[in-house]
Amino acid sequence: MRISNQWLLEWVDHGLSPEELGHRLTMAGLELDALEAAAGEFSGVVVGHVLKVEPHPDADKLRVCQVEDGSGSPVQVVCGAPNVVEGMKVPFARVGAVLPGEFKIKKAKLRGVESFGMLCSARELGLAETSEGLMPLPVDLAAGADVREALGLDDTILEVDLTPNRADCLCMSGIAREVAALTGKPLCMPEISPVGADVDERFPVSIEAGADCPVYHGRVVRGVNPGAETPLWMREKLRRAGIRSLGPLVDVTNYVMLELGQPMHAFDLAWLEGGIVVRRARKGERLTLLDGQEIRLSEADLVIADHAKVLALAGIMGGEASGVGEETRDVFLESAHFAPMAIAGRARHHGLHTDSSHRFERGVDPALPSRALQRATALLCQIAGGQPGPVVEALGARVEEPAPIMLRASRIARVLGARIDESEVTRLLKALGCQVEPMAGAWRVTPPSFRFDLSIEVDLIEEVARVHGYDRLPAEVPPLSPELGAVDEARLPLSRIRHLMADLGYQEAITYSFVDPQLEALFSPDSRPLALANPISSELAVMRSSLWPGLVKALKYNLNRQQERVRLFETGLSFVSQGDDLKQHPMIAAVATGARWPLQWAEPSRAMDFFDLKGDVESLLSLAGGDVSFASAVHPALHPGQSARVLLGGVPCGWLGALHPSLISRLDLDQDVYVMELSLDGIRQGSVPKFTEQSRFPAIRRDLAVVVDRDCPVSRIEAAIRGLGISALREVVVFDVYTGKGVPDGRKSLALGLILQELSRTLTDQEVDAVMQGIVKKLEQDVGATLRA
């Protein structure tokens, strides 16, 4: 919101410098983004009165003008502006004047004719980006008057960034109300009186979408002057607010929007047929907007239509055909209230963002349409003439009135840690527009209709605190009353998981929850990701169903910058659609590529492989303390021969493997990439450690070499051995895998180390031999193993 300090002073004499005012607004939650001058730096420019205009003797496009500048004698000026005429008043830069950009005006000779100064356009004074001719000034300004003083250009513009809940401050009345409350100065609201009807002409209005449009006001104004010009004071206020002047019919509606906060629209009455209807669009309808863009409408769009066609996209932008123009003589003024949910997102859906949609999406006071219509009618008739008809009104669904809120003094003191005088609380709330009924130690407060964000007691306490001043609240250390909460010993802290990943050499990354739909499809072709209604960009258009797309994108970014060894992990949510529901799963994922170890002298360099990542996953899952296993499985994003389902306690909890070769090619990667993703809920829910007695008797190790099918997983062999329920079996380790000479084709040799130990005695050789024979027999039965000769 751009705020002219001079315009603000018309509403409230705050007595602050622009810098002080900006600080007060920022401390009250209306953050100041910038301070800027209302006009460029120039000096020596006065009001010039063009007395005479003659053709240049040697140039068709130049004119020789005689200009009165208040010095007592006319000044000769050569001018090339097409709109210069006798009698007009314009900015005149005398010889010696300095224009924006340090451009100094000197005596000159143009095609043989001397020129003593320059008649200026708005662009040359830094008041507009473009201009088609001289800047006309009001005829009542005295020749020779300083232009900066005459136009009030020594003004400061405050650029204020508003949070979405403060739509009431998207207008001068809202900002002025805040400043009056902050400074304690009186608020001078403009008097708005009803404008009576001069003609008895009504254009009928009806509402079909009552929930979307609770209030619609309109009136006909006949016989406006199409040649009227917007007065300079209004053009300047619009300019300083960042709005370009487009003629009085449009300027008046924009001015009322800036002044009161009510977006309005003016229709050319000659293009309307039958009556106004507020309804939802019908399938297949199209509308050409004021900016020339043609859009296809859907049933989700709220439109203003007549009995024959669609006229406007309600609350967003009017249509080109029914918009007012240079030939418009009869208008229909619209002032309506649209429900925020009916407008929210529809502008962006059509690639639009307008001042009107910006306000209606956040909420506009439902009590404003009537006042705004009277204000606009008065201004329009004052500037362009015309005869207004009676106000026509249509009502939709009933707008809920703000409910009273009980505010307790004790609650204020408890939340803010300070007691604020009761009279000050009353003053602050009344200054913000609330109705306040004092009670014993409390207040019954009814918020104004324009404050949608005030609904509970703490909302009012926040208002009291910010307007009173956060910096005025005493800094006190509250008494410490520690309460020790119950801690689930089996629940693993997320910080422990992160620290372990860092210990394993991974760096934590944070990526967007929004991903490219094409990238998402590569990793999860079977999922239906949730598409965003208003994506930041086409590359961030859907919610991720896996953390892999963001991490692989970050990995590729690093590889493209000569980082050949990359280890990244991330904890965050994945979003999985399940029917009409959206499930959010906390996950941990990692990507890795490059050498297993950083370059060093102690270890030979080699590229990491599947088992390196599997080892990292086992280290991570060991924190949970459960039974971890891996099962060969197929995942569309993983290499069919290097992928595994991760099981914790027999329950699937994630995936690990190498990226599929086709995916490597599609992503333009030139080295193998390994990925894993696990459910955090499964990892974090561990078990409480229990004491296990240690044996005082010696352990015995026996090695066993068996030949099995090449595709037989080690986990199957270990499961078969442990299935025997041998109480003395402490550990099974694989210390060698061999294929080649001496081993049949399609088979492999596994060397197993078995650790046996009893708690109460030393095992005998006969007992150990019996155990080994049982194991060999079990492996022969379950996996077809044979002893290696």
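The second largest pocket of this predicted model holds about 1,100 Å³ of space. Of the 31 residues lining this pocket, K614, F630, P713, V714 and S715 are the closest to its centre. Several elements each give two or more residues to the lining: the helices α17 (610-621) and α20 (714-722), together with the strands β32 (628-632), β33 (638-648), β37 (729-738) and β38 (747-756). What is the make-up of the lining by class? The lining has 16 nonpolar residues, alongside eight charged and seven polar ones.

Let's turn now to another part of the chain, where β18, β19 and β20 follow one another. Strand β18 (residues 302-305) runs antiparallel to strand β19 (residues 310-313), and three bridges join them. The β19 strand also pairs with β20 (residues 317-318), again antiparallel, this time through two bridges. Here are the two pairings side by side:

| Strand pair | Bridges | Residues between the strands | Opposite residues |
|---|---|---|---|
| β18 and β19 | three bridges | four residues | V303 and L313 |
| β19 and β20 | two bridges | three residues | L313 and M317 |

Methods. Residues numbered from 1 in each chain as written. Predicted model: local features only at pLDDT ≥ 70, side-chain atom pairs only at ≥ 80, totals over all residues. Heavy atoms only, no water. 1 Å grid on protein atoms, 1.4 Å probe; cavity = no way out; pocket = protein on both sides within 12 Å on 5 of 7 lines; lining within 4 Å. Points joined across faces, edges and corners; volume = space filled by probe spheres on them. Nonpolar A, V, L, I, M, F, W, Y, C, P; charged D, E, K, R; others polar. Pairing = 2+ DSSP bridges.
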